[in-house]
Amino acid sequence: MIHLMPDTVTAVRAYLLTVLTAEVGTRIYYGALPKDPTFPAVRITDISTTDASPGWSRSLLQIDVWHSDGRLRDCRALAELVRAALIDSTNYRTDAWVLGGVDNVNGATTQPFATGLDTSFTPPRPRYLVTAGLLIRPN
């Protein structure tokens with residue numbers, strides 16, 4: 001039987017929706033944010049995906065976190081929740097896939113935003129980034 005590798009961004013979004021609903025509702029996106037997003041919001045971007053050990057793939061993800069209240073500390077706290085959730089994702093499974101856990105996760109950072117504010121929004125919004133390498137396989 002042939003098993004296609006699951007899409008990591010879709011899987012991580014589904015997982016994060018189960019653990020972050022109280023904080024962000026369903027505002028976890030991949031690709032671009034909606035034209036006029038409601039905050040707080042999370043965006044997942046797949047930077048690269050490679051084959052790992054037999055049956056597994058590894059994706060390097062960037063997770064962008066924006067907060068609604070304009071305070072950097074609240075945005076950082078949300079980013080740290082995302083980070084902790086990713087660390088706790090080991091062996092999370094559905095009928096289609098299994099997250100094998102994180103093999104590398106960086107703490108929340110405001111880089112490349114020197115001030116921590118994303119000026120592509122008016123008014124500028126606090127934004128933190130989390131990067132993580134995740135393993136996934138078909139179930």
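Helices (H or I, at least four residues) and strands (E, at least two) are DSSP runs, numbered from the N terminus. The model described here is predicted, so local features need pLDDT of at least 70 and side-chain atom pairs count only at pLDDT 80 or more, while totals for chains, interfaces and linings use all residues. Residues are numbered from 1 along each chain as its sequence is written, and side-chain values use heavy atoms, with hydrogens and water left out.

Glu80 and Arg83 form a salt bridge, with their closest N and O atoms 3.9 Å apart; the term stands for a side-chain nitrogen of Lys or Arg within 4 Å of a carboxyl oxygen of Asp or Glu. These two residues are three apart in helix H2 and so separated by about one helical turn. Glu80 also meets Arg76 in a salt bridge (3.5 Å, N to O). By this rule the count comes to six salt bridges.

Asp64 and Arg43 form another pair, at 3.4 Å between the closest N and O atoms. Asp64 lies in strand E3 and Arg43 in strand E2, so the pair ties together parts 21 residues apart in sequence. Asp64 is buried, at 0% relative accessible area (buried is under 20%, exposed over 50%, partly exposed in between, with a 1.4 Å probe and protein chains only). Arg43 also counts as buried, at 17%.

Turning to the loop between strand E5 (117-118) and strand E6 (125-138), Pro124 is found there. Pro124 is partly exposed, with a relative accessible area of 40%.
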